[in-house]
Amino acid sequence: MINVLCTMSLKNSEEEDGEVADAVIIGSGAIGLSTAYYLSKLGYRDIVILEQNSVLGGFNTQRCAGGFRYQFSRKINIEMSKLSMKLIQELGKQRREEYNIKECGYLFLLSETEDVHAYKNTIDLQNNLGIPTKWIPGNIIREKFKMFNIDDVIGGAFCNKDFLMNPTDLTNAYISELRKVGVKMYVNSKVVGIETKENKICGVKVKNEIINTPVLINATGPWSSQISELLGIKLPIKPLKQQLFTTNKVEFVNDDFPVIIFIKDNLGIHKEGDGILTGLTMEGESSCEDIRQKEVDFDWEVKHCKALCSRMPSMADRYITSSWTGFYDMTPDELPIICQIPGIKGFYCNAGFSGHGFMHSPAAGLLMAETIVNGEIGSICGKEFDLKRFGEMCDRKVNEYYKI
């Protein structure tokens, strides 16, 4: 990871008027960096990125598994994946570099009869949108993956265009491009206050320092509601803790080994080095206080190991080489919020991606930049990303869901 430290320092808000920027982005993960990149493409010059950690790249982006898929049940998510892939290719062409994209495919394994019909309908939707997903019968899957305990698997959905990508490759590309156009990137810069005047953004505070700006973008993922609460706004975004681990060498895992998702078990695995990387979706929700608890939950890790060994019995004699945690930023409908927040002119949100942030970060950055510069999303129909979509739900179900 490139660690970009700015040599300049922010001015003390009590002594001087402070630094001035056309736009300030809070969060230097893939979404924040992408937003800055496309803002610069659309004409913004004085852009500042604030990162609370000691390195750029974002806490969660650096900890995600790097999965990228087209297999979604919603048209809007498929469109986001297609747009993101197009933008990644354009970025690579501009930089004259090829990213380490591993088209191993995603294989979703289904064991429940009621899931099969829904997934087959989803395959039809994906095929109609140009995604070559196929249904694979259970007997063929069992023949190919004899090392698995999958007698209950009815079949699976597989797309060979789904892939894995190293998140650092993308974030470093953005950082490099942003440095070329003079975007200022500050680390160790936790936002502690936001200034407004007549319901308009006019500045952001970091400790006793200030940056004056009319545009503030909240791209802090699971921390986004904490940031909005500085303005008395409760966003319907909650953190959900997740954790992953890698193992030592697994002989049967080759370069063609796909990302495999056991739907019934909420278990995922894919090749990582000579071993595998695996995650078991955690249950429940994390509070804003829990989001500071980044240590591995060893009780959950034991449960994870049991789930893995029940599907892959040979894993019982392997060991964990590394484990870590991260957070999803969840919304009630698991779609992001990409819009200006009503009531505060110049305050924007680009968060709530519910586990899809890295793979959709190129598209998310472009859509946010279009919203800021043009007043609306232009590349795709983005009405589903507006906070207003919740309507009365924001007053009732969302409030109950988040215990507001």
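Helix 2 (residues 75–95) and helix 8 (residues 357–374) have axes that come within 7 Å and cross at roughly 85 degrees, axes being lines fitted to C-alpha atoms over the stretch in contact, with angles running from 0 to 180 degrees between N-to-C directions. The two helices are therefore roughly perpendicular to each other, a term for angles of 65 to 115 degrees, whereas those under 35 degrees count as roughly parallel. By class, the contact of helix 2 with helix 8 has 10 nonpolar, five polar and no charged residues.

This is a predicted model, in which local features need pLDDT of at least 70 and side-chain atom pairs count only at pLDDT 80 or more. Residues are numbered from 1 along each chain, and side-chain values use heavy atoms, without hydrogens and water.

Helix 5 (residues 167–180) also packs with helix 8, as the table sets out.

| Helix pair | Axis separation | Angle |
|---|---|---|
| Helix 2 and helix 8 | within 7 Å | roughly 85 degrees |
| Helix 5 and helix 8 | 11 Å | about 25 degrees |

Helix 5 and helix 8 are therefore roughly parallel to each other. Their contact (heavy atoms within 4.5 Å) is made by P167, L170 and Y174 of helix 5 and F358, S361 and P362 of helix 8.

Elsewhere, S225 sits in helix 6 (residues 224–228) and is buried, with a relative accessible area of 1%, where buried means under 20% with a 1.4 Å probe and protein chains only. Leaving aside neighbours within four places in sequence, S225 is in contact with I233, K234, L235 and I237, and a polar atom of the S225 side chain lies 3.5 Å from the backbone oxygen of L235.

How values were computed: Helices (H or I, at least four residues) and strands (E, at least two) are DSSP runs, numbered from the N terminus. Buried means under 20% relative accessible area, exposed over 50%, partly exposed in between (1.4 Å probe, protein chains only). A polar contact is a pair of N or O atoms within 3.5 Å; within protein, one must be able to donate a hydrogen and the other to accept it, and residues adjacent in sequence count only if both atoms are side-chain atoms. Angles under 35 degrees count as roughly parallel, over 145 as roughly antiparallel, 65 to 115 as roughly perpendicular and the rest as oblique. Ala, Val, Leu, Ile, Met, Phe, Trp, Tyr, Cys and Pro count as nonpolar, Asp, Glu, Lys and Arg as charged, and the others, Gly among them, as polar.
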